[in-house]
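Here is a short briefing on one protein chain. Look over the sequence and the 3D view before you read on.

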Amino acid sequence: MEIILYVSVAVIAVAFLVLVVYLSKTLNSLQGTLESVSHTLTGLEKQLDGVTKETTVLLHKTNSLASDIQQKSESLNSVVYAVKEVGDSVRRFNGSVQKITSTVNDQLEQNKDKISQVVQWSNVLLEIKNKWRMKKPDPYQYEMQEDVLPDKREKVRVRN
């Protein structure tokens, strides 16, 4: 029975040796994987630092842009109010022009007879003036003699 005991111890020793060898290979493989993960995390950390810096810069730019937009929006509000006031002024002016036009039309309707009389009298006065001119001779009307040389022509007073 002793031999069984020695064979059992030898089998256990071989089994333990096999277990240690496989466990050693597994741990070596795990060590390589962990080193790879460590390198990946180092690279990821560097990239994350770069992204953080860019995000910070972008955040500052966004804040300044938002501030600029706010200022321009306030300036634009004053322009909108000014345009509204101009529109109100134009509306009031149009109302005034309409009132004046209405008043003038009403006055024209009321004084239509008087206006036609004034036009008739002015036509009569123009005809009288034209007739008067036709009768009255023009003292400044001259006739040129054509049978005389150009430099020796005389101005002759003519009556109509």
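Predicted model: local features only at pLDDT ≥ 70, side-chain atom pairs only at ≥ 80, totals over all residues.

Residues are numbered from 1 along each chain as its sequence is written, and side-chain values use heavy atoms, with hydrogens and water left out.

**Overall layout**

- The chain has two helices and two strands. Helices (H or I, at least four residues) and strands (E, at least two) are DSSP runs, numbered from the N terminus.
- Read from the N terminus, the order of elements is α-α-β-β.
- The chain has 160 residues, and 0% of them are buried. Buried means under 20% relative accessible area, exposed means over 50%, and partly exposed lies in between (1.4 Å probe, protein chains only).
- Accessible areas come from the Shrake-Rupley method with a 1.4 Å probe; for residues, only the protein chains shown count as cover.

**Helix H2**

- Helix H2 covers residues 112-135, which is 24 residues.
- From first C-alpha to last, H2 reaches 35 Å, close to the 34 Å expected at 1.5 Å a residue. The expected span is 1.5 Å times one less than the number of residues.

**Salt bridges**

- The structure holds four salt bridges. A salt bridge is a side-chain nitrogen of Lys or Arg within 4 Å of a carboxyl oxygen of Asp or Glu.
- Side chains of opposite charge can pair when their charged atoms come close.
- Aspartate 68 and lysine 72 form one of the bridges, at 3.3 Å from N to O. They sit four residues apart in helix H1 (residues 2-110), so about one helical turn separates them. Aspartate 68 is partly exposed at 29% relative accessible area, whereas lysine 72 is exposed at 54%.
- Arginine 91 and aspartate 88 also meet in a salt bridge, at 2.8 Å from N to O. They are three residues apart in helix H1, so about one helical turn lies between them. Arginine 91 is exposed at 57% relative accessibility, whereas aspartate 88 is partly exposed at 23%.
- Glutamate 109 pairs with lysine 112 in a salt bridge, and their closest N and O atoms are 3.8 Å apart. Glutamate 109 is exposed at 56% relative accessibility, whereas lysine 112 is partly exposed at 48%.
- Shared partners link salt bridges too: Lys84, Asp88 and Arg91 are joined into one network.

- Serine 64 lies in helix H1. This residue is partly exposed, with a relative accessible area of 46%.
- A polar atom of the serine 64 side chain lies 2.9 Å from the backbone oxygen of lysine 61.

**A nonpolar surface patch**

- Leu76, Val79, Val80, Tyr81 and Val83 form a nonpolar patch on the surface. Together they have about 500 Å² of accessible area.
- Patches are made of residues with over 30% relative accessible area and no salt bridge; like charges are joined within 9 Å, and nonpolar side chains (Val, Leu, Ile, Met, Phe, Trp, Tyr) within 5 Å.
- Valine 83 belongs to helix H1. At 54% relative accessibility, valine 83 is exposed.

Terms used: Polar contact = N/O pair within 3.5 Å; in protein donor to acceptor, adjacent residues only side chain to side chain.
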